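Dear colleague,

Please find the structure we discussed below. I would be grateful if you would read the notes that follow it with the model open.

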Amino acid sequence: MSSIDAKQAAEALSDIEVVVRRVRRSRIYQLTSLILMQWGALVLAGYLASYLWPRSAGWLWVAVNVIGVCGTFAIGMFVRRRSGVGFDVRIPLALLLFFAFGYLNCFLGHFGPRELGVFWPIYFMMVYSIAGLWVGRAFVVIGVAIIALTLIGYVFSGDWFDLWMAMVNGGGLILGGLWMRRD
């Protein structure tokens with residue numbers, strides 16, 4: 001029977017900690033990728049509908065957000081039952097605060113349709129990028145890329161803004177979700 005010294009024990013514990021971190025990040029990425037792809041499809045549809053029916057855009061986006069939040073919770077509950085990783089009670093409260101703050105800013109800011117089309121993706125991706133500083137680089141890359149492309153579209157896309165955003169924001173979220181699944 002062999003024994004290990006303190007240095008070997010510390011190295012083994014360090015290796016275990018690295019594996020635990022990787023597994024945790026992988027589980028978070030798997031959950032997040034499903035949510036990203038769901039939101040990407042909804043956002044893509046929202047921008048296309050806004051382009052086709054601009055007078056109904058406000059109500060369309062309310063519907064997109066309600067469906068997205070309900071879908072996010074459904075995905076979270078499904079994944080939690082399956083793997084034990086999912087949402088706790090703080091998530092609904094965080095989403096409520098997030099949307100309340102966003103709608104308050106929109107109300108106080110008196111944004112036009114184009115400004116609203118820029119505000120929400122930047123608002124979402126800023127929080128997403130900040131979370132990525134703790135959770136993983138994919139969050140930061142996806143968030144910063146969508147913010148940059150949103151601002152480029154705001155300045156240069158002209159009448160094609162909603163179509164640009166359908167591809168940049170909706171498509172970007174879908175691609176980001178697919179990228180996170182492999183990472």
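This is a predicted model: local features need pLDDT of at least 70, side-chain atom pairs count only at pLDDT 80 or more; totals for chains, interfaces and linings use all residues.

Residues are numbered from 1 along each chain as its sequence is written, and side-chain values use heavy atoms, with hydrogens and water left out.

The chain has a mean pLDDT (the predictor's confidence in each residue, from 0 to 100) of 85, and 87% of its residues reach 70 or more. Helices here are DSSP runs of H or I with at least four residues, numbered from the N terminus.

The axes of helix H4 (residues 113-135) and helix H6 (residues 161-182) come within 10 Å and cross at roughly 15°. H4 is therefore roughly parallel to H6, a term for angles under 35 degrees. Axes are lines fitted to C-alpha atoms over the stretch in contact, with angles from 0 to 180 degrees between N-to-C directions. In contact (heavy atoms within 4.5 Å) are, among others, Pro121 and Met125 of H4 and Leu173 of H6.

Rings of Phe, Tyr and Trp (its six-membered ring) pair if their centres lie within 6.5 Å; planes under 30 degrees apart count as stacked, over 60 as edge-to-face and the rest as tilted. The count comes to 17 aromatic pairs. The rings of Tyr47 and Trp61 have centres 4.8 Å apart and planes at 70°, so this pair is edge-to-face. Because Tyr47 lies in helix H1 and Trp61 in helix H2 (residues 57-83), the pair ties together parts 14 residues apart in sequence.

Yours sincerely

Note on methods
Helices (H or I, at least four residues) and strands (E, at least two) are DSSP runs, numbered from the N terminus. Angles under 35 degrees count as roughly parallel, over 145 as roughly antiparallel, 65 to 115 as roughly perpendicular and the rest as oblique.
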